[in-house]
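Welcome! Have the sequence and the 3D view ready, and let us walk through this fold together, one piece at a time.

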Amino acid sequence: MRKVFMTALVLVLAVACCAHADEVKIGACIYRFNDAFMLRFRNAMSAESEKLGAVITIADGQDNQTTQDEQVDAFIADGVNVLIVNTVDRMASQSIIDKAKAANIPVVFINREPTPEMLATYDKAYYVGAKAEESGTETGELVASYFKAHPEADKNKDGKLQFILLKGQNGHQDMILRSKYSVEAVKNAGIEPVELASAIANWDKLEAMKIMNGFIMSIGPENIEAVIANNDEMALGAIEALKAQDYNTGNPEAYIPVVGVDANASALEAMDKGEMLGTVLNDADNQGISAVRLAAALAEGKDTGTIGYEITDGKYIWIPYQKVTRGEKQ
Ligand code: BGC
Ligand code: CA
């Protein structure tokens, strides 16, 4: 722990010495660098900071809240002008808000949403993200319209959709709401959803692959009519497991529609190859750009109305999702 702290501190100091006095210094914390979606997010933040002439330092929380708390402390000690935080555990947001408030610097949370009560405790606390229920609804709709257009997809001919659900991390709003609203959307399309099995796979491809392997063995691929995953990485893990059983390799007799969320490049590729049904664009570029613009404006005390993104309820920037199938946006 101590070593991580020192490393973070040295990194911060190294950047600080090269920054000019009038440059905005942004301290950004990411819950884990090893996350395909957060990589897109980081790239967008770095590019926008460079455009604005701001200096951003991004720390890897390594999926450990204690590590991240130390990184927040190090950034504040170094005198950053603003924080951007993707918490490991969003329930830790309050203590981060308290620290930012004590140091009188703004804090912009990203991707992992604090509760409204937490945000309300500090006038300089904001959230940039996307509405999880939207992406849930859209993945459910993708599956429902496929099911309706393809009578053969109802393998046991009972008119119901037998599906598997792969969930992200416990407590994450995207896990809770995507799970709920995807199934809800199937229902709203007039199809009765039947959950064969579900499991937490922590947004992770390998974990999802192992879990899906187990489900395939216990349930039998011929009995699975869809796989709904909370993100693309887990969808791709499920597809790996299916391909090992000669499913989703081009034979229409052996195909299970799989959907995810993010529209990562690897998912678009899988869709082009016909291995994956669809995904929903989780717009990392606009989330990253708006977070940096908001952070910079707040740090400089500028009018946040000029950043090119609408601020809702004085606290939120919401970036819309968009359905994607076979390389086309719907
Ligand atoms: C993304 C996931 C990502 C997670 C990280 C979600 O919005 O869809 O791919 O792993 O955020 O918090
Ligand atoms: Ca069925």
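## A first residue to look at

Does Ala238 count as buried or exposed? Ala238 counts as buried, because its relative accessibility is 0% and the cut-off for buried is under 20%. Keep in mind that you are looking at a predicted model.

You can find Ala238 in helix H9. If you set aside the neighbours within four places in sequence, Ala238 is in contact with Leu166, Met212 and Val227.

Now turn to the strands. An open sheet is formed by 6 strands, in the order E2-E1-E3-E4-E5-E11, and the pairing is parallel. Strand E2 (55-60) and strand E11 (316-318) are the edge strands, each of them pairing on one side only. From one strand to the next, the twist averages 15°.

Helix H4 (residues 93-102) packs on this sheet and touches strand E3 (82-85), strand E4 (107-110) and E5. The direction of H4 makes about 160° with that of E4.

## Walking from strand to strand

How many bridges join strand E1 (residues 25-30) to E3? There are 4 bridges, and the two strands run parallel. One pair to pick out is Ile26 with Val82, its bridge partner in E3. E3 also pairs with E4, in the parallel sense and over 3 bridges. Here, Val85 stands opposite Phe109 in E4. Further along, strand E5 (residues 125-129) is joined to E11 by 3 bridges, and these strands run parallel. In that pairing, Gly129 stands opposite Trp318 of E11.

## Two helix pairs

Next come helices that pack against each other. Two packed helices are described by the angle between their axes and the distance between the axes.

Take helix H2 (residues 36-52) and helix H11 (residues 284-299): their axes come within 8 Å and cross at roughly 45°. That angle is why H2 is called oblique to H11. The crossing of H2 and H11 is right-handed. On the H2 side, the contact is made by Phe37, Arg40, Phe41, Ala44, Met45, Glu48, Ser49 and Leu52. On the H11 side, you will find Ala284, Asp285, Gln287, Gly288, Ile289, Val292, Arg293 and Ala296. Sorted by class, the contact of H2 with H11 has 9 nonpolar, 3 polar and 4 charged residues.

The other pair brings us back to H9. The axes of helix H9 (residues 232-243) and helix H10 (residues 265-272) come within 9 Å and cross at roughly 40°, so H9 is oblique to H10. In which sense does H9 pass H10, left-handed or right-handed? H9 passes H10 in a left-handed crossing. Asp232, Glu233 and Leu236 of H9 make the contact with Ser266, Ala267 and Ala270 of H10. By class, the contact of H9 with H10 has 3 nonpolar, 1 polar and 2 charged residues.

## Residues in the loops

Asn104 lies in the loop between H4 and E4, and its phi is near 55°, a positive value in a residue other than glycine. Asn111 is found in the loop between E4 and helix H5 (116-119). Although Asn111 is not a glycine, it has a positive phi of about 65°. Asn111 is also buried, because its relative accessible area is 8%.

Finally, look for Tyr255 in the loop between H9 and strand E9 (258-259). Why does Tyr255 count as buried? Tyr255 is buried because its relative accessible area is 16%, and the cut-off for buried is under 20%. Not counting residues up to four places away in sequence, Tyr255 touches Tyr146, Lys155, Tyr247, Asn248, Gly274, Glu275, Met276 and Leu277. Tyr255 and Ile224 are 31 residues apart along the chain, and their C-alpha atoms are separated by 9.6 Å.

How values were computed. Residues numbered from 1 in each chain as written. Chains lettered and ligands numbered in written order. Predicted model: local features only at pLDDT ≥ 70, side-chain atom pairs only at ≥ 80, totals over all residues. Heavy atoms only, no water. Pairing = 2+ DSSP bridges. Axes fitted to C-alpha atoms, helices over the stretch in contact; angles between N-to-C directions. Contact = heavy atoms within 4.5 Å. Parallel < 35°, antiparallel > 145°, perpendicular 65-115°, else oblique. Left-handed = near helix turned anticlockwise from the far one by under 90°. Nonpolar A, V, L, I, M, F, W, Y, C, P; charged D, E, K, R; others polar. Buried < 20%, exposed > 50% of the residue type's maximum accessible area, 1.4 Å probe, protein only.
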